[in-house]
Amino acid sequence: MAPHALLNQQAPADIIVKNQHNEEVNTSDFIGKSTVVLFFYPKNNCFICNKEVCAFRDNLEEIQKLGAEVIGVSPDTVKSHEQYANKQKLPYTLLADTEGQLRAAYQVPKVLFGFQQRMTFIIDIDGEITHVFESLLNHNYHINSVMKVLQQELEEDVDEVSGDEE
């Protein structure tokens with residue numbers, strides 16, 4: 001499979017959608033603060049989606065220790081996201097991409113029965129998309145890939161610091 005067209009490109013910016021608290025969020029607000037794990041999932045309250053969002057929830061503390069924040073995106077409504085976040089005890093932001101502008105900007109395709117593909121983007125602090133993971137049915141692939149990349153980046157940072165001191 002060919003690499004995603006946005007890999008090693010600047011993340012789409014200035015897209016405004018609402019989060020689960022009915023607050024407007026501009027995608028430009030994420031850039032420059034930390035690494036961002038932006039994951040697209042097809043729908044609230046479906047079996048595989050529940051597994052994926054809860055895996056990010058269960059690993060959130062470690063992800064944050066590794067210098068990243070998590071943001072989930074689906075086409076569900078603000079109200080649906082609010083209920084879903086409460087039900088699943090999700091402490092991170094969910095964005096309601098009801099009109100598909102984020103999906104289109106990030107080139108997330110629709111697949112089975114018109115659902116959007118399950119894709120995860122890692123965006124570095126400078127706003128560059130450094131990794132893209134895609135798997136509709138293997139929810140573990142996303143969290144495992146994210147954790148591996150973030151841990152490798154931490155090890156590389158430590159190696160760079162150690163190398164500078166010698």
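N44 counts as buried, at 5% relative accessibility; here buried means under 20% relative accessible area, exposed over 50% and partly exposed in between, computed with a 1.4 Å probe on protein chains only. The model is a predicted one, in which local features need pLDDT of at least 70 and side-chain atom pairs count only at pLDDT 80 or more, whereas totals for chains, interfaces and linings use all residues. Residues are numbered from 1 along each chain as its sequence is written, and side-chain values use heavy atoms, with hydrogens and water left out.

N44 sits in the loop between β3 (35–40) and α1 (47–58). Helices (H or I, at least four residues) and strands (E, at least two) are DSSP runs, numbered from the N terminus. The N44 side chain makes a polar contact with the side chain of Y41 at 2.6 Å. Such a contact is a pair of N or O atoms within 3.5 Å; within protein, one must be able to donate a hydrogen and the other to accept it, and residues adjacent in sequence count only if both atoms are side-chain atoms. With neighbours within four places in sequence set aside, N44 is in contact (heavy atoms within 4.5 Å) with S74, D76, S80, H81 and Y84.

Aromatic residues come next. The structure holds eight aromatic pairs, where rings of Phe, Tyr and Trp (its six-membered ring) pair if their centres lie within 6.5 Å, and planes under 30 degrees apart count as stacked, over 60 as edge-to-face and the rest as tilted. F39 and Y92 form an edge-to-face pair, 5.9 Å centre to centre with 70° between the planes. F39 lies in strand β3 and Y92 in the loop between α3 (78–88) and β5 (93–96), so this pair ties together parts that are 53 residues apart in sequence. Both F39 and Y92 are buried. The rings of F40 and Y106 have centres 5.6 Å apart and planes at 50°, so this pair is tilted. Their pairing also links distant parts of the chain, with F40 in strand β3 and Y106 in the loop between α4 (101–105) and β6 (119–123), 66 residues apart. F40 is buried at 0% relative accessibility, and Y106 is buried with a relative accessible area of 2%.

Ring pairs also join F39, Y41, F56, Y84 and Y92 into a cluster. V53, found in helix α1, is in contact with F39, Y41, Y84, L90 and Y92, leaving aside neighbours within four places in sequence. V53 counts as buried, at 0% relative accessibility.

H4 belongs to the segment before β1 (16–19) and is buried, with a relative accessible area of 16%. The H4 side chain reaches the backbone nitrogen of L6 at 3.0 Å. Beyond neighbours within four places in sequence, H4 is in contact with Y106, Q107, M119, F121 and V132.

A search of the whole structure finds one cavity of 30 Å³ or more, and the largest cavity has a volume of about 50 Å³. On a 1 Å grid over the protein atoms alone, a cavity is a set of points where a 1.4 Å probe fits but cannot get out, and lining residues have an atom within 4 Å of a point. Grid points are joined across faces, edges and corners, and a volume is the space filled by probe spheres set on the points. The lining residues divide into seven nonpolar, one polar and no charged, with Ala, Val, Leu, Ile, Met, Phe, Trp, Tyr, Cys and Pro counted as nonpolar, Asp, Glu, Lys and Arg as charged, and the others, Gly among them, as polar.

Note on methods: 1 Å grid on protein atoms, 1.4 Å probe; cavity = no way out; pocket = protein on both sides within 12 Å on 5 of 7 lines; lining within 4 Å.
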